[in-house]
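Please look over the sequence and the 3D view before reading on.

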Amino acid sequence: MFEFQNVSKQFGTTVALQSTTLQLQAEQSYVLLGTSGCGKSTMLKLMLGLLSPTTGTVLFDGTPLQPEKLDEVRRRIGYVIQEGGLFPHLSAFDNVALVSRYLKWDEERIRKRISELSHLVRLPEDSLTRFPGQLSGGQRQRVGLMRALMLDPSVLLLDEPLGALDPIIRFELQEDLRTIFRQLNKTVVMVTHDLNEACYFADEILLLDAGHIVQRGSIQQLVETPATDFVARFIKAQRSELPGANA
Amino acid sequence: MKKLTIIITLLLLLAFIPFSFQPEGIRVGSKKFTESVILGECLKQLAVDANQPAIHYRELGGTKLVFESLVNGELDAYVEYTGTIREEILAGEEAKTLEEMRELLQRRGIRMSEPLGFNNTYALALKRSRAEELGVKTVSDLTRHPSLVYGFGNEFMARQDGWPGLQQAYGLTPSKVSGLDHDLAYRQIDLGTIDVTDAYSTDAKIKVHDLVLLEDDRSYFPRYDAVVLYRADLAERHPGVVKSIERLQSSIDQPTMTAANARTEVERVTESQVAADLMRDLFEVEADVKKSTLAGRLFRRSLEHLDLVRKSLIPAILLAIPLGIIAMKFPKFGSGVLGVVGIIQTIPSLALLVMLMPLMAFLGLASIGTGSATAITALLLYSLLPIVRNTHTGLKSISPQHQQAALALGLPAGYRLLNIELPLASRSILAGIKTAAVMNVGFATLGALIGAGGFGQPIITGIRLNDTGLILEGAIPAALMAVVVQFGFDAIEKLNSPPEK
């Protein structure tokens, strides 16, 4: 689905992503895991063409990203960020409908699709008349997910989608997300710094440190055969958050 | 897109549906001092006496503006002074005699009447008490008192035949000289903040403020004989009017003119009435002087003022928002745009009006009178800065998160701009429009400098006549209108902001 060929990204003199080559398969769930500043969000933005690589080529569906075709590619990708990235001047409904209106869907079709989606993400339809400022963090995130799913994209990219939520809402949404991913059978790439979240969602984890992928594999592989000292320490640090985890 | 087209069309209709019509007739003008206004009224009444409707554009902004209007055909006639013609209008052309002046004016399509009979020259004036205390009788005497403070009208400060020449001719070296509005100079001299000012020799205020005129012992000041300047084609279009106006030649002597000025300035008789009385006494011409009511005046001026505001503000909005967008998208061009609209803001209004006049004449647009394209363009230019700047800032301050969310949706630039970026920036843009609108209501008083009326008219008349009531008659409604505009935009802002709870 996605392919990086020697892709690197620099901001001024700071290297955000060192030269990376990788392939991500369709219908798999990937988690880009790492501490802040490790380059995981940069990778996501490179996939969307929100950033252009300093060197190398990013391919989507076997085709290199080209500036003139970016909009088309982006409409085949759903992108969810913290708080959903909703536009405050539009109601939840209008946020979700934004792109379909540009594509000139008729209103009936838009209503039908949004009704479907609200069931899928378990958000009461009547709350869609509200504005983002009137919704809770969890509701905003569900609306953000609806917007990302509106055109039924084959890929979902999620950048810390649960980052700003309090624990209970976070837990509920986490469960719902996994159900949705299973149901829809989409390629999912999620960015997080949270190991538990990674375990929960990922078919495969890509652990990043200082702009390069230090290990790629299932959670068992990361736990049992950490590739570097960093991997071992990263896992140990997050597991020890739970009392008795070291026992 | 359809919505946008409708909005723009509605705004343009709102801006340009006419709600007043420019009256037709002989167009006479006058400058910002009482004598000029009275003589302008005389011209008007004499034209009416020759059975032609006439309009008097009173208290226009200055010699250059009035004379250019005459040359452009926006005015048909006004009263000027030979000294001003020689030193200002024909500056650098060495016209010594009346015949030479007439010849040079003729080349511009302008004719000059014979002198009207009085000489209104410049003179220096002091408070009588101060002059007696110092023993100053002539301009030469001033050289003995270098500590005196001089305050001159701005025109006198700048004119070749004003202060610069006078200073040289007498070798005056005062400690302090400042330029100020001539009407304010009289107040300053009353307060004692200045000692010496310039005055006109037929000025009623000499008596009111108890001033003495210093003898011009070196005959520095040239003669300022009043004459009528009129367009050569007026004689062809309306020979009767020219004949009627020519009756003024050699008919008003200095005491008559001074007395007429005093009736307006001291006794508060309107210029129209003074002119009517003068015309009756001199030529047995009966003029119908209409008395206006306060409500009528307020209504008319509100319309005139609103007309200036809408015709300048709405196009300014439609121009400034795209400029702000371009400035945002092309930063290099943008800093240029922001620089230029910033500089425009610093140009004094009269200078801007004078600069715009030839351009408007070239475009065939009217400068003088209600709906003056010059006044509207000046106001439009003044309104650009806050809107351009706030559009630019508003777009620039959209959070990177929202920008990327918009990009990631795969919407093309134009659609993003209209549906996401401009709405997100709308709070800032509206604030800019509000600032521009409130400023515009204030600036629109400049319309009075160019005959476009509005609340500026009673303000300049009030300053001229030292009449606080008249100043307030313009200032209070202008302030009220600004407040109403402010509230109006506050309401729009409230409607525009998305609900929070």
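A residue counts as buried when its relative accessible area is under 20%, as exposed when that area is over 50%, and as partly exposed in between. By that cut-off, both B:Arg301 and B:Glu473 are buried. The model is predicted.

## Chain A

Chain A holds nine helices and ten strands. Its radius of gyration is 18 Å, close to the 18 Å that the globule rule gives for 247 residues, so chain A is as compact as a globular protein of that length. Along the principal axes, the C-alpha atoms of chain A fill a box of roughly 55 × 50 × 30 Å.

Of the 247 residues in chain A, 51% are buried. Take the contacts in chain A between residues at least 6 apart in sequence: 66% of them join residues at least 24 apart.

## Chain B

Chain B has 22 helices and ten strands. Its C-alpha trace spans about 85 × 55 × 45 Å along the principal axes. Buried residues account for 52% of the 501 residues in chain B. Among contacts in chain B between residues at least 6 apart in sequence, 77% join residues at least 24 apart.

## The interface between the chains

The area buried between chain B and chain A is about 2,000 Å². Carbon and sulfur atoms give 67% of that area. B:Gln404, B:Ala408 and B:Leu409 supply 25% of the area that chain B buries against chain A, more than any other three residues.

Salt bridges between chain B and chain A number zero. Polar contacts do cross the interface: six residue pairs are found, with both residues at pLDDT 80 or more.

## Salt bridges

Side chains of opposite charge can pair when their charged atoms come close. Over all chains, the count comes to 52 salt bridges.

B:Glu271 and B:Arg464 form one of them, at 2.6 Å from N to O. The pair links distant parts of the chain, 193 residues apart. B:Glu271 lies in helix 14 (residues 271-283) of chain B, and B:Arg464 lies in helix 21 (residues 456-464) of chain B. B:Glu271 has a relative accessible area of 5%, so it is buried. B:Arg464 is buried too, because its relative accessible area is 1%. These residues also belong to a network of salt bridges that links B:Glu41, B:Arg58, B:Glu59, B:Glu271 and B:Arg464.

B:Arg301 and B:Glu473 meet in a salt bridge at 2.7 Å, N to O. This pair again links distant parts of the chain: B:Arg301 is in helix 15 (residues 294-329) of chain B, B:Glu473 is in helix 22 (residues 468-496) of chain B, and they are 172 residues apart. Both residues, B:Arg301 and B:Glu473, are buried.

B:Arg144 and B:Asp141 join through a salt bridge of 3.3 Å, N to O. B:Asp141 counts as buried because its relative accessibility is 16%.

## Positive phi values

Most residues other than glycine have a negative phi. A:Asp61 has a positive phi of about 55° although it is not a glycine. A:Asp61 sits in the loop between strand 4 (55-60) and strand 5 (63-64) of chain A. Its relative accessibility is 42%, so A:Asp61 counts as partly exposed.

In chain B, phi of B:Asp210 is near 55°, a positive value in a residue other than glycine. B:Asp210 lies in the loop between helix 10 (205-208) and strand 9 (211-213) of chain B. B:Asp210 is partly exposed, with a relative accessible area of 38%.

Conventions. Residues numbered from 1 in each chain as written. Chains lettered and ligands numbered in written order. Predicted model: local features only at pLDDT ≥ 70, side-chain atom pairs only at ≥ 80, totals over all residues. Heavy atoms only, no water. Buried area = accessible area lost by both parts, 1.4 Å probe. Salt bridge = Lys/Arg side-chain N within 4 Å of Asp/Glu carboxyl O. Polar contact = N/O pair within 3.5 Å; in protein donor to acceptor, adjacent residues only side chain to side chain. Helix = DSSP H or I, 4+ residues; strand = E, 2+ residues; numbered from the N terminus. Rg over C-alpha atoms; globule rule 2.2 N^0.38 Å. Buried < 20%, exposed > 50% of the residue type's maximum accessible area, 1.4 Å probe, protein only. Contact = heavy atoms within 4.5 Å.
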